[in-house]
Structure formats: C-alpha cells, structure tokens
Amino acid sequence: MSSYNNNSVRLNAATKVAVFGGTHGNEMSGVTLVNLWMKNSNEIQRKGVETKPFITNPKAVEKCTRYVDTDLNRAFTAENLSAPGGESLPYEVWRAQEINNMFGPKGSPEAYDVIFDLHNTTSNMGCTLILESSKDHFNLQMMNYIKKALAPASCLVLLNEHPLLKYSTSRSVAKHPVGLEVGPQPQGVLRSNIFDSMRVIIKHALDFIELFNEDVEFPPCTVEVFRVLERVDYPRDANGNIIAMVHPNLQDCDWEPLNPGDPMFQTFDGKTIHYQGPGTVYPTFINEAAYYEKQQAFVTTKRETLVASAVKKS
Amino acid sequence: MDHVFFPAFSRVAISGGTHGNELSGVHIVREMQKHNVNQMGSLSVCPILSNPRSIEVCRRYIDTDLNRCFTDALLSTPLTDSSSCELRRAHELNALLGPKGSDRAMDLVCDLHNTTSNMGLCFIIDFLDWILLHMVKYVQIKMPTAPIRVINTNVASKSLSYSVDSVAKHGFAIEVGPQPHGVLRADIYNMMKEAVDHTLDWLNKFNAGTTFEGDKVEVFVWEKSVDYPRDPETSQLTAVIHPKLQDNDFKLLQHGNPIFKTFTGETVNYEGEDLYPFFINECAYYEKRIAFHLAKKETIAFPPISVKKE
C-alpha cells in the first residue's frame, strides 16, 4: 500500500525479497551466485528481511542452455499464467506458473516485495540495472543508491516500458522487479570480474533495503535512464539468413551515441551499411547472442532524467 | 637443411561449423557456397559445413563432439542404430574428404573454429609439417599486426589424431578468439577470412613453382592441462580463473603465479614448471575438465621447399 504526502511516497517495509539466478541457464554469474547463497545465505541476509535465493530454470541450468522449450523470461504473460494443462505445458510455461504461485501471484498484495533477477549478456554493457516502470519510485531510489555506491565505477539504468517491446519477465511477479544485466561474458563462461561486479551490486541493493526498513528517508533525487526506443534487426536475405554483421565501429560501443550516417553493419564482402535514423540514439544490447533468433542486432535508447519522489517506510 | 619437394596440391577443403555455434567458420563457408566457390587458381576447393544439424540449433554438438570422432579406431568402428549423430557424420566426412590415410584423401583440410579464450589467431597442427609451417610463416608476414601463433597438439601418432582435419594429407585448424559462442563478430570474421585467403594464395604460389626459403617459426607445443578446483561430491566448480590469468593466453605462467580465485576470495597459485597457458576459460572445456592448457615454446627451423615437378 503506498500513499503520497508532499511528494513523498510511503511504502510498507520490504520484507519478502528474492534473488533469481538461472532464468537463462547459461548465464553463469547468477547461476553460480545463487547456488553459493543456497548453500550459505549469510552474505545476503539483512535485519528484518528474509532474502530467498532461487534457481528459476533448473532444467536449463543443468543443460547449460538458455531455455529448454521457450524463453522463461518472456513467459510470465497473463495468458501463460492462467493456461490449463499442468505438466503437459511447455516446461517454462509450467515453471512460470509455479514461480508465480511461490513468489506472486503477480499483481496481488501477497506478491514478493522485491525480486532481483541476475543475467549476463555477450554485449559490452558493463553493469546495467533494468527498470520496468518509470513510476516505481522505490526502484528509482534503490537504483540511485546503487549507482552512487558503485561510483566512480559505472552502473547504468535501462528503462523498458515500451508498450510493444516490453516483455513479461520472471521478476515481474514482484511488486518491485529489478533486472541486473552484467556483460560482456560469453554464455556458459564464468569470468571473475563479471562475477564480482554482480555480487557487489546485490550487496548494495540489499543494504538499501535494510536502510529503508530501518526508517531511513531517501530524499527526492534524479536518475538518468536510457529509455528503450526500438529494436534493430540484422539485414537478412529472403530466407531469413543474416547478410551482414554488426560493424566493427559499433561493436562493443554500447551506450555511446550513434549518429545518423554512422556505420552500423558490415556485409560479408566488406560494404558498410549506415544508420539512417532521424537523430542520435544510444544503442545497447549490441550483438547479444540470444537475440539473433529474436531478430535483434541491438536496441536504440534515448537518455532521460527521471525524478524520483522521496520514499520512506510507512 | 636440405631442400624438400612436395607434390602439387589439387584438392583442398575449407570446413566450418564442426562446432555449430562457432559462427565465423559457418559464415565463411556459407559465403563461399553462396558464391559457388569451387576453383581458386590451380586449386579445386570444397567449402563444407561439417555439422549441419548442430549449426541449425546453434549448439556445439547434438550427441557428442564431432571434432573428437576422427581417430582411426572410431572411424573403423562399425555404425549401429545407437551410434551418435556425430559418429555417423564422421564416417560420412571420412568418405567425402578421406579416407584418412589413403591416397584419395584431400590434399589439405583447413577447419575453422572460434574460442571464447583470448587466443588471437592460432594455427593448430598435430605434427610438424613443413608445408603447414611455411604456410603459417607466409600468413604471419602478410598479416604483420595480427596475433598469429602456432600450436602443436603433440598427438602421439596420426592414428590418434581425432580432429576432422586429420583425414587430409595435410590438415590443420584455424582457431580465432575471443568470440562468444553463438555470436558473430566482424573483427574476428575479417581476421579469419583474411588468413584463409592468404592460405589459399600460398597454395597457388606453391603450385606455380615458387621456392619458399627455409626459416624458423615459434611453436607452442602442448604439455599438459589443468582443471578447475571442484567440489569432490558434486564436481561443481569452486573457483573461477583468476583475474590475473584471465585473457593472458600465451603469457608465461610461472610457478607461484595466481591461477584461480575461489568463491570465498582465496587465491590458488600455479605450482610447476614455467609454461605458456592457452585456451584459458574456453566455454566448451568446462565439461572436458580443462580450465586451461599449458605449452612449451620452441623455435622450429624448417627447410626450403618447392613443388615436385612431374
């Protein structure tokens, strides 16, 4: 229950928190951290809040693959969550229903307060927090706290509330869903620097929750975000095969400005295809392995400054 | 060293997708097929996708690693209904590109691979082969700023060579990284393509009668491999490649240097002879229990060569 008073948001204490790993079974930082915390959760416990580590897609983790039947991180649609069929459903749809029962139901007062969902990407995105709503002042304040705690190391916020491009994530069963995306890391590989970065982000996030629960008021603040604009696919032939690669000038340049006329793709025989959009955009998820099948070479974003109201426990 | 003569090369194959998620080779071969490349100068060229089923699902393999199926023993194992998809394909490829050890085999097979390790461009050979060493030297001269190295896997005998390129009279792999599996990077693709083009150029020059002078080249000779620390009960990893070792392929690893960092933050140091690590943190080797390989560095001299005139 939240109430507003002089631009201050009052929220109940965040007492039910979860950390999801293995939503994609080959994104190893989250799988490894959650397995560690399931054996010994001291590191993620804070006063007044029980934080539950949880492997969301164990079958995919066992096979070290993104998913078995369908992408779990797209599976939490209203249609899927109410689909009949039980275990005869595609594995991830059935699993989404289980997760919704355990940590939701999505949209209800019993749902978990906060869920952190740990992901890796082959893109050079560094540390990224993914926000699903520009009006989630609790999340905005938490992300502001994390960014300040990590500074001067970078931690950027990607906002995806695009009506067509947003998707139903496993974390979306919670009242305050937070995506953590750290890269670059190949699928199936565990890199020490990436692993450590993710661990530190979770530490700061849980510190914020502890402070919030102890009645600390977080004053109004501004948060710079990158808002998703559109998905750009690879050039393809009539059979759907890609006919060009991300251009070397764009590869690894996540979050850097892409101006009209800049190189974007390079064909197999070396010709350049230029970006023809109306203005400067900030591309990210550049050359993510899992997105070849989702027809996405990168997404474009624009920079925006959001204002977060003060938040305090009610 | 005395001048050595070799017969001309007439049939060569370029294979990609031996591992279906190593995309540079898949696309190089697809482009060659799209442009109907079957003759380049004096060479009859066969571009071939080795494991089409695994390429379709973008996985390393369906049942078993195709690039371990070409030992003499496995190639002579009769196929049954329960034979793996890859063993069947290995027998097919042996018929097409081999038979291994026979006079009918391809003169040369170049097999294209990617690795998640920071290895640059490596020519991987099973034995010292003067042809291949000359070829590497030529490519190194043509691509002077590229990180090009030679690895000798040091296999005990040709019958134990397990890779697809071993079916040819002269076989080798070109391995380029770092690239995540399932990802196609333009810089990696361009580097591999250029090396393939120079390799074919060299073969044409050789066939045309050029004498290639003797020289020497540095070769990394496989010595041993090191696994990750694992939980004795579950076999799960208990440590990750240490940040000081990660991405430092081919930099000398000395006794006492850090190699792993445990999940509780402790450092594990290397103990043993000073050697050169490579294939550091290759994704596909977790299941093969290899965190990295170690090699000795040798300088190998090779003789002048030219084509044997009929």
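The legends below accompany close-up views of a predicted model.

**View 1. The span of chain B that carries a UniProt domain annotation.** In an unreviewed entry, UniProt lists residues 10–201 of chain B as "domain: Succinylglutamate desuccinylase/Aspartoacylase catalytic".

View 2. Val176(B) belongs to strand S8 of chain B, which covers residues 170–177. With a relative accessibility of 0%, Val176(B) counts as buried, because the limit for that class is under 20%. When neighbours within four places in sequence are left aside, the residues in contact with Val176(B) are His113(B), Asn114(B), Thr115(B), Gly120(B) and Leu121(B), together with Ile188(B), Met191(B) and Met192(B). Asp247(B) stands 71 residues from Val176(B) along the chain, and the C-alpha atoms of these two residues are separated by 13 Å.

**View 3. Thr71(B) in the loop between helices H2 and H3.** In chain B, the loop that holds Thr71(B) runs between helix H2 (52–56) and helix H3 (72–75). Although Thr71(B) lies in a loop, its relative accessible area is 14%, and it is therefore classed as buried. A polar atom of the Thr71(B) side chain lies 3.1 Å from the backbone nitrogen of Leu74(B). Apart from neighbours within four places in sequence, Thr71(B) is in contact with Lys100(B) and with Ser159(B), Leu160(B), Ser161(B) and Tyr162(B).

**View 4. The largest cavity and its lining.** The model contains two cavities of 30 Å³ or more, and the largest of them has a volume of about 100 Å³. Its lining is made up of 14 residues, among which His24(A), His119(A), Glu181(A), Phe285(A) and Tyr291(A) lie nearest the centre of the cavity. Sorted by class, the lining of this largest cavity comprises four nonpolar, four polar and six charged residues.

**View 5. The second largest cavity and its lining.** This cavity has a volume of about 50 Å³, and the residues that line it are Ile130(A), Glu132(A), Asn160(A), Lys166(A), Tyr167(A), Thr169(A) and Arg171(A).

Notes: Residues numbered from 1 in each chain as written. Chains lettered and ligands numbered in written order. Predicted model: local features only at pLDDT ≥ 70, side-chain atom pairs only at ≥ 80, totals over all residues. Heavy atoms only, no water. Helix = DSSP H or I, 4+ residues; strand = E, 2+ residues; numbered from the N terminus. Buried < 20%, exposed > 50% of the residue type's maximum accessible area, 1.4 Å probe, protein only. Contact = heavy atoms within 4.5 Å. 1 Å grid on protein atoms, 1.4 Å probe; cavity = no way out; pocket = protein on both sides within 12 Å on 5 of 7 lines; lining within 4 Å. Points joined across faces, edges and corners; volume = space filled by probe spheres on them. Nonpolar A, V, L, I, M, F, W, Y, C, P; charged D, E, K, R; others polar. UniProt positions renumbered as here; feature names shortened; annotations may be inferred. Polar contact = N/O pair within 3.5 Å; in protein donor to acceptor, adjacent residues only side chain to side chain.
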